[in-house]
Amino acid sequence: MCSIGTKGICDKEKAHPVGSLHLKSIRKAFGTHEVLKGIDLEVKDGEFVIFVGPSGCGKSTLLRVIAGLEDASSGSVQIDGEEMISTPPAKRGIAMVFQSYALYPHLTVKDNMGLGLKQMGAPKAEVEAKVGKASAMLSLEPYLARRPAELSGGQRQRVAIGRAIVREPKLFLFDEPLSNLDAALRVNTRLEIARLHRSLKATMIYVTHDQVEAMTLADKIVVLNAGQIEQIGSPMELYNRPANTFVAGFIGSPQMNFVEAGRLGDDEAKTIGIRPEHITLSRESGDWTGKVIHVEHLGADTILYLETDVTGLLTVRLFGEHRYAVDDVVYATPDRARLHRFGADDRVIA
Amino acid sequence: MSKARMSPLRSGFVHLALAGYTVIALFPVVLTIFNSFKDKNAIFRTPLALPTAETFSLVGYTTVLKQGDFFGYFQNSLIVTVVSIFFALLFGAMAAFALSEYRFRGNMLMGLYLAIGIMIPIRLGTVAILQGMVAAGLVNTLTALILVYTAQGLPLAIFILSEFMRTVSDDLKNAGRIDGLSEYAIFFRLVLPLVRPAMATVAVFTMIPIWNDLWFPLILAPGEATKTVTLGSQVFIGQFVTNWNAVLAALSLAILPVLVLYIIFSRQLIRGITAGAVK
């Protein structure tokens, strides 16, 4: 297909456009309530960035500001170095996948996917070709003539993703795309998104409250809380070196144990964090004596809740199956090398 | 409703109540139609009887069709009703979209202001409206009636439609914005089709008072060329003598177009009224 004469065009076709994103002190207030309190962020070409945080932390609002669906009260949004703050959403070179799919109910799958290009005035053949390519990628070909009402939830979300791919955006925006799917579909669709990111090499920004999605998909996670960025880093950086107690508590499941530092004889720090998987248990001896309050057998993991003499309530995660019963007396020993120490301001002490 | 929760006895009572209501609602209509086919004596002697071979008479209909330009009246009524519904729905839906979609200063107040018309009858302003129409040279035109009826229909249309439009998903509208649809395209192509049941409801509720109105045709457009059916039928009702044959025939004829319009809208209407109640 690629003859020598048309080389230039072919190259252009092959390379999926990627874009960088630059946010500078984005603020957004609804009335007197400030939802975003000055967000600075840089996203490089081809990066998969995930905004994660509890509900109401402003992550969806931030995504909408990037998309141009909400106006920022102040600050600047640059896509590929171009100021976008007063550019309408359709001209920003973005595509968005919504939690509720947001497919046009009166259009077929094919028309749903092609509408964006049609609005841009692309010739019919080009729309056809791009819709064909995207639907092949997502194995949606058998459904092209159907309407959204005739599809299952997973298929609908694939159509929504297809609609985004067809636009060949510089920036993919995902707003909790898996929240409405059941658990099995969620895993499948997650894999599909990860695969897409690898094959398209596109820049993707993804909002979720689910840390598993964040940890599994992201190149870079942005943890948001109350309209501010708490920490930016790769999944393992956040897991191994959380900058403060909020991130430490938010990333990792079950949640990190927080113990008053004084109880462990550490006067410098205020709080000590210990991940449940960094504690070993023994029936004979150990640092802390505790009684089992509750046991959760998950097959691959066993999660124990202990009441110990030194730390109070302690969650322990053991790998594999273990036979502990409620009221058993056990000894817990933390992995000293993997303790996290936090100061009075809740920030980590190096 | 699931069958398991509905005992036969209960559903029997429900059907009885509904059947009773249907009879009560249909009785005057049926009586009017029956009597319109009888001669004058039979109307008074046996008002509840069906027309028989002896009492059957079309004198009412022939009188109506001979007297004045009755088809013209029909045409006027239809034009006024259909055009008024169209404008009330169009402008009502546009205002409702603005109120439900955009955050702007005074949004709430504007919504209240537009809804006040539901509570204040437009007839209170008759004198001012008449003065206005005289000044604008619109007396004895259908335009005058259309303007008044559109205004009359707007408050309810805005009130009902803005409630429905709030239920249309924001994500859908935003997806449209990202795909490059203009605000008008979002309104006409995404939102309007989704609130169609509500539009039908509003259309029916707006249509009936317009079709039946005697007040404004009498005041604003009593001329022969602009008479509506309701006004046209009044020539048969005199202070001392009333031509009942003709009145009943005229009323029977006047029911027909409303019935046709209702049948067109009814499927959507039922969906509109039960939306939210069921499911």
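Start with chain A and colour it by domain: domain 1 covers 13–245 and domain 2 covers 260–342. This is a predicted model. With both domains of chain A shown, compare their C-alpha centres, which lie 39 Å apart.

Next, select the strands β13 to β17 of chain A. These 5 strands form an open sheet with antiparallel pairing, and the order across it is β13-β17-β14-β15-β16. Which strands stand at the edges? They are β13 (279–282) and β16 (312–319) of chain A; each has a single partner strand, so one side of each is left without a neighbour in the sheet. Turn the view to look across the sheet: on average, and ignoring direction, neighbouring strands are turned by 45° against each other.

Stay in this sheet and pick residues 288–297 and 329–334 of chain A, which are strands β14 and β17. Their antiparallel pairing runs over 4 bridges. To see one bridge, select A:G290 and its partner in β17(A), A:V330.

The largest nonpolar core has 125 residues. Select A:I50, A:M96, A:L173, A:I205, B:L145 and B:L161, the residues with the most contacts inside this core. Then show helix α7 of chain B, residues 142–166, which gives the core its largest share, 13 residues.

Centre on A:I205. Which residues does A:I205 touch, leaving aside those up to four places away in sequence? They are A:V43, A:V49, A:L63, A:I66, A:L171, A:F172 and A:L173.

For the last stop, select B:V64, B:L248, B:A250 and B:L253. These residues are included in a second, separate core of 13 residues.

Methods. Residues are numbered from 1 along each chain as its sequence is written. Chains are lettered from A and ligands numbered from 1 in the order in which they are written. This is a predicted model: local features need pLDDT of at least 70, side-chain atom pairs count only at pLDDT 80 or more; totals for chains, interfaces and linings use all residues. Domain bounds come from an automatic or database domain assignment. Two strands pair if DSSP finds at least two bridges between them. Helices (H or I, at least four residues) and strands (E, at least two) are DSSP runs, numbered from the N terminus. Axes are lines fitted to C-alpha atoms, for helices over the stretch in contact, and angles run from 0 to 180 degrees between N-to-C directions. A nonpolar core is a set of buried Ala, Val, Leu, Ile, Met, Phe, Trp, Tyr and Cys residues joined through C-beta atoms within 7 Å. A residue is buried if 20 or more other C-beta atoms lie within 10 Å of its own, exposed if 12 or fewer, and partly exposed in between; C-beta atoms are placed from the backbone. Two residues are in contact if their C-beta atoms, placed from the backbone, lie within 7 Å.
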